Amino acid sequence: ADSVDEVTPKLQSATELLKAMNKGELSEIKSFSLPPVHLEKVFSTVLILMANNYSSQLDVSWSRVRQTISAVDRFVIKLLQFDPETIEKASAKAAKEILLPDPLLAPEVLAKHS
């Protein structure tokens with residue numbers, strides 16, 4: 001199966017969770033100096049999938065995530081306007097390596113937290 005197709009269910013679940021967050025929740029998340037591992041994985045994956053010209057050198061560290069979501073309104077707009085059809089194969093492969101092996105990031109588990 002195509003890498004994009006394999007990661008799509010987890011991506012959709014994670015995206016729905018992110019879209020459901022309000023500004024206060026995002027502000028709280030960006031205040032974490034050390035976030036829960038699964039939260040960091042989801043946000044790092046979002047950076048990967050939204051990147052143009054993904055490379056393994058892309059900074060997806062928590063400090064970069066915090067910087068990206070620091071302008072909460074801008075981040076939410078980018079997220080809502082994001083078109084999954086634009087995901088590059090290299091991005092999908094990198095996202096797959098983060099999301100698929102983790103049973104706690106399964107769509108049915110993420111749905112319980114939304």
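## Starting at His38

The structure you are looking at is a predicted model. Is His38 buried, exposed or partly exposed? With a relative accessibility of 27%, His38 counts as partly exposed, because that class covers the values between 20% and 50%.

Which residues does His38 touch, once its neighbours within four places in sequence are left aside? The contacts of His38 are Asp102, Leu104 and Leu105.

## Helix 3 beside helix 6

Helix 3 covers residues 37–50 and packs with helix 6, residues 89–99. Their axes are 9 Å apart, and the angle of packing is about 170°. That angle makes helix 3 roughly antiparallel to helix 6, because angles over 145 degrees are put in that class.

Which residues meet where the two helices pack? From helix 3 come Lys41, Thr45, Ile48 and Leu49. From helix 6 come Ser91, Ala92, Ala94, Ala95, Ile98 and Leu99. Sorted by class, this contact has seven nonpolar residues, two polar ones and one charged one.

Ser44 has its place in helix 3. Its relative accessible area is 7%, and Ser44 is therefore buried, since the cut-off for that class is under 20%. Beyond its neighbours within four places in sequence, Ser44 is in contact with Val60 and Val65.

How many salt bridges does the count come to? The answer is one salt bridge. Its partners are the side chains of Glu97 and Lys93, which meet at 3.0 Å, N to O. Side chains of opposite charge can pair when their charged atoms come close.

Where do the two partners sit relative to one another? Glu97 and Lys93 are four residues apart in helix 6, so about one helical turn separates them. Lys93 has a relative accessible area of 46%, which means that Lys93 is partly exposed.

## Val72 in helix 5

Another residue to look up is Val72, which lies in helix 5, residues 72–81. Val72 has a relative accessibility of 8% and so counts as buried.

What does Val72 touch, not counting residues up to four places away in sequence? Its contacts are Lys23, Leu26, Ser27 and Lys30. For one of these, Leu26, there is also a distance to look at: Val72 and Leu26 are 46 residues apart along the chain, while 6.8 Å separates their C-alpha atoms.

## The whole chain

Let's step back and look at the chain as a whole. Its secondary structure comes to seven helices and zero strands. Reading along the sequence gives the pattern α-α-α-α-α-α-α.

The chain has 114 residues, and 35% of them count as buried. Its accessible surface comes to about 6,800 Å², with 53% of that belonging to carbon and sulfur atoms. What share of the contacts with a separation of 6 or more comes from residues 24 or more positions apart? In this chain, that share is 77%.

Key:
Residues numbered from 1 in each chain as written. Predicted model: local features only at pLDDT ≥ 70, side-chain atom pairs only at ≥ 80, totals over all residues. Heavy atoms only, no water. Axes fitted to C-alpha atoms, helices over the stretch in contact; angles between N-to-C directions. Parallel < 35°, antiparallel > 145°, perpendicular 65-115°, else oblique. Contact = heavy atoms within 4.5 Å. Nonpolar A, V, L, I, M, F, W, Y, C, P; charged D, E, K, R; others polar. Buried < 20%, exposed > 50% of the residue type's maximum accessible area, 1.4 Å probe, protein only. Areas by Shrake-Rupley, 256 points an atom, 1.4 Å probe, with all protein chains shown as cover. Salt bridge = Lys/Arg side-chain N within 4 Å of Asp/Glu carboxyl O.
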